[in-house]
Amino acid sequence: MRKNKAILGVLIAVIVALVFTGVYFASKSDSSKDTSAKTTKSDNNTSENKDKKDKSKSDKNVEKKTEEKTEAETETTTEQILDTDKVVYLTFDDGPSDLTPSFIDTLNTYGVHATFFVTLQEGREDIYKQILENGNKIQIHTASHDYDAIYQSVDAYIADFDQIYNYIYNLTGVKCDVFRFPGGSNNSYGKNITMDIAREMRNRGINYVDWNSSVGDGSASATKDSEVQKITAESDGVQRVVLLAHDAGTKSETLAALPQIIEYYKNNGYKFGLISGDMDLSDFQFMKVD
Ligand SMILES: [Zn+2]
């Protein structure tokens with residue numbers, strides 16, 4: 001009896017062992033089927049991705065796609081401009097000012113952007129940030145905008161430039177790569193040294209830009225209508241326009257003219273570009289740097 005019980009025990013043990021082994025291998029082979037199925041599925045997804053027919057719901061794939069899309073969109077924004085395109089570069093000098101948020105609002109209303117050539121205005125930190133947060137660009141005008149001081153010497157100009165450059169960098173993390181001379185590169189105060197300044201800047205990897213059209217708001221008698229008329233006349237038939245305007249508390253006529261200015265360029269097929277150091281700016285420089 002004991003012997004029989006022992007044999008039965010061994011048999012049960014063997015059966016249990018066999019069953020477990022069977023279940024183990026069965027599950028292993030199932031999971032390997034799963035893996036190969038998943039591989040095939042994901043291979044299919046990869047080829048579907050290429051065909052732009054991706055219906056995958058995998059989080060990773062979605063994440064990756066979003067990243068790719070963002071990269072593609074960024075590229076589109078910077079490389080969308082073709083040689084044959086008409087482009088206007090709206091530029092605002094002298095800000096930030098009390099009117100800057102209103103200029104930004106108007107740009108936003110039309111879904112366009114501008115480049116702000118800024119001065120140093122302590123206490124307006126939030127406005128510099130607002131300019132950037134709304135997709136516009138900041139480049140350098142001058143810290144002090146004091147012609148007598150900055151055009152005294154190349155060193156004086158560079159010291160003023162460094163002050164505003166570092167201020168913007170510390171505030172926003174942006175390294176500006178283009179500047180605009182107060183008064184333009186051929187202004188009567190500094191024209192004897194502007195080319196030396198531009199050469200020194202070029203050594204630092206920073207280019208300069210003037211303009212080829214202006215709303216004329218440097219004159220106190222400029223009105224909304226005169227500004228619109230001026231840019232319309234100056235831009236007719238011009239493929240690339242760098243438009244000078246001013247962002248100062250007194251420039252309410254420019255603010256009032258801005259909707260019509262934007263509409264003019266939109267109606268005439270212009271794209272809206274931003275000024276950056278990798279552009280060829282030679283068509284918008286009054287004096288050539290040798
Ligand atoms: Zn200025």
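Strands E2 and E3 (residues 137–140) pair in the parallel sense, over four bridges. Two strands count as paired when DSSP finds at least two bridges between them. By right-handed we mean that, with the strands pointing away from the viewer, the path from the first strand over the helix to the second runs clockwise.

Residues are numbered from 1 along each chain as its sequence is written. The pLDDT is the predictor's confidence in each residue, on a scale from 0 to 100. The mean pLDDT of the protein is 82, and 73% of its residues reach 70 or more. Over residues 14–79, however, the pLDDT is below 50, and this stretch has eight contacts in the model beyond near neighbours in sequence. A contact here requires the C-beta atoms of two residues, placed from the backbone, to lie within 7 Å. Where pLDDT is low, the predicted coordinates should not be read in detail.

Let us now take the overall composition. The protein has nine helices and eight strands. Of its 290 residues, 29% are buried. The term buried means that 20 or more other C-beta atoms lie within 10 Å of the residue's own; with 12 or fewer the residue is exposed, and in between it is partly exposed, the C-beta atoms again being placed from the backbone. Among contacts with a separation of 6 or more, 74% join residues 24 or more positions apart.

I turn next to strand E1 (residues 86–93), which runs parallel to E2 and is joined to E2 by three bridges. In this pairing, threonine 91 stands opposite threonine 115, and aspartate 93 has phenylalanine 117 as its partner. E1 also pairs in the parallel sense with strand E7 (residues 240–246), over seven bridges, with tyrosine 89 partnered by valine 242. A further three bridges join E1 to strand E8 (residues 270–272), also in parallel; there, valine 88 is partnered by phenylalanine 272.

How many of the eight residues of E1 are buried? Six are, and the strand is mostly covered. Strand E2 (residues 115–118) is covered on both faces, with Thr115 and Phe117 buried on one side and Phe116 and Val118 on the other.

Helix H3 (residues 100–110) forms a right-handed β-α-β unit with E1 and E2. Its residues Thr100, Phe103, Ile104 and Leu107 are buried. Seen down the helix axis, the buried residues of H3 fall within an arc of 100°, taken from the directions from the axis to the C-beta atoms, so they line one face of the helix. The face turned away from that buried side carries the exposed residues Asp105 and Thr109. The cover over the buried residues of H3 includes E1, H4 and H9.

Most residues other than glycine have a negative phi, and most peptide bonds are trans. Aspartate 94, found in this loop, has a positive phi of about 85° although it is not a glycine. Is aspartate 94 buried or exposed? Aspartate 94 is buried, because 21 other C-beta atoms lie within 10 Å. Proline 96 belongs to this loop as well, and the peptide bond from glycine 95 to proline 96 is cis, with omega near 0°.

Finally, the nonpolar core. Such a core is a set of buried Ala, Val, Leu, Ile, Met, Phe, Trp, Tyr and Cys residues joined through C-beta atoms within 7 Å. Which members of the largest core touch the most other members? Among its 51 residues, they are Ile140 and Leu243. Leaving aside neighbours within four places in sequence, leucine 243 is in contact with residues including Val88, Tyr89, Leu90, Trp211 and Ile231.

Definitions and conventions. Predicted model: local features only at pLDDT ≥ 70, side-chain atom pairs only at ≥ 80, totals over all residues. Helix = DSSP H or I, 4+ residues; strand = E, 2+ residues; numbered from the N terminus.
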